[in-house]
Amino acid sequence: MDRDMDLLREMLGSYIEAEDSNCYAHNELPLVPDVDRDIILAHRQLLFDAGYLVPFTDTYGQCTRPGNGFKYSVSNLGYDFHELTQDTTVWEKTKELAGKAGSSTLEVMFEIAKALVKDKLETMLTGGKAQ
């Protein structure tokens, strides 16, 4: 299986935009049309590995374990990645620059997207004038 960055981004967005974005049972999967369940499961694990999804804990810091298994939620890092890449222009430019750099890891893509957003903000703050 190849890692699909567009799918990872889409899955993360679907978790965040879900009606109850607080917590998901392990058997709940985002609705992604025409994508095999095993591919979704593998990509969900990648989101866990990257720290974008985390076990959901109750107020005592215990991971909840309902009858259908553990629950999980989107981490602060996951929300940050979503915020940085929800603009399609930023996402496409991020993928382009990552490809040119020869590295398409989530960490590198996060940093590229962050740099692009910072550049956009700098332009807004300076009115497009170089400092």
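Phenylalanine 48 is found in helix H2 of a predicted model. Helices (H or I, at least four residues) and strands (E, at least two) are DSSP runs, numbered from the N terminus. Phenylalanine 48 is buried, its relative accessible area being 17%. Buried means under 20% relative accessible area, exposed over 50%, and partly exposed in between (1.4 Å probe, protein chains only).

Residues are numbered from 1 along each chain as its sequence is written. In this predicted model, local features need pLDDT of at least 70 and side-chain atom pairs count only at pLDDT 80 or more, while totals for chains, interfaces and linings use all residues; side-chain values use heavy atoms, with hydrogens and water left out.

## The chain as a whole

Five helices and three strands make up the elements of the protein chain. Read from the N terminus on, their order is α-β-α-β-β-α-α-α. The chain has 131 residues, of which 31% count as buried. Contact means heavy atoms within 4.5 Å. Among the contacts in the protein chain with a separation of 6 or more, 59% are between residues 24 or more positions apart.

## The nonpolar core

A nonpolar core is a set of buried Ala, Val, Leu, Ile, Met, Phe, Trp, Tyr and Cys residues joined through side-chain atoms within 4.5 Å. The largest such core has 25 residues, and those touching the most other members are Met11, Tyr15, Leu47, Tyr52, Leu53 and Phe81. Two or more residues each are given to this core by helix H1 (5-17), helix H2 (37-49), strand E3 (71-74), helix H3 (76-85), helix H4 (88-101) and helix H5 (106-126). H1 supplies the largest share, seven residues.

Tyrosine 52 is one of the core residues named above. Not counting residues up to four places away in sequence, tyrosine 52 touches Leu12, Leu47, Ser73, Val74, Ser75, Leu77, Gly78, Phe81, Leu106 and Phe110.

## Helix packing

Axes are lines fitted to C-alpha atoms, for helices over the stretch in contact, and angles run from 0 to 180 degrees between N-to-C directions. Angles under 35 degrees count as roughly parallel, over 145 as roughly antiparallel, 65 to 115 as roughly perpendicular and the rest as oblique.

| Pair | Angle | Axes |
|---|---|---|
| H1 and H4 | about 150° | 12 Å apart |
| H1 and H3 | about 110° | 10 Å apart |
| H3 and H5 | roughly 50° | within 9 Å |

The angle of about 150° makes H1 roughly antiparallel to H4. H1 passes H4 in a right-handed crossing; a crossing is left-handed if the near helix is turned anticlockwise from the far one by less than a right angle, and right-handed if clockwise. Met5, Asp6 and Arg9 of H1 meet Thr88, Trp91 and Lys95 of H4 in this contact. By class, the contact of H1 with H4 has two nonpolar, one polar and three charged residues. Here Ala, Val, Leu, Ile, Met, Phe, Trp, Tyr, Cys and Pro count as nonpolar, Asp, Glu, Lys and Arg as charged, and the others, Gly among them, as polar.

H1 and H3 are roughly perpendicular to each other. Their contact is made by Arg9, Leu12, Gly13, Ile16 and Glu17 of H1 and by Gly78, Tyr79, Phe81, His82 and Thr85 of H3. These residues divide into four nonpolar, four polar and two charged.

The angle of roughly 50° makes H3 oblique to H5. The crossing of H3 past H5 is left-handed. On the H3 side, Leu77, Asp80, Phe81, Leu84 and Thr85 take part, and on the H5 side, Leu106, Phe110, Ala113, Lys114 and Val117. Seven nonpolar, one polar and two charged residues form the contact of H3 with H5.

## A buried and an exposed residue

Threonine 94 lies in helix H4 and is buried, with a relative accessible area of 0%. Leaving aside neighbours within four places in sequence, threonine 94 is in contact with Met109, Ile112, Ala113 and Leu116.

Methionine 1, in the segment before H1, is exposed, with a relative accessible area of 58%. Its contacts, apart from neighbours within four places in sequence, are Ile39, Ala42, His43 and Leu46. Methionine 1 and isoleucine 39 are 38 residues apart along the chain, and 7.6 Å separates their C-alpha atoms.
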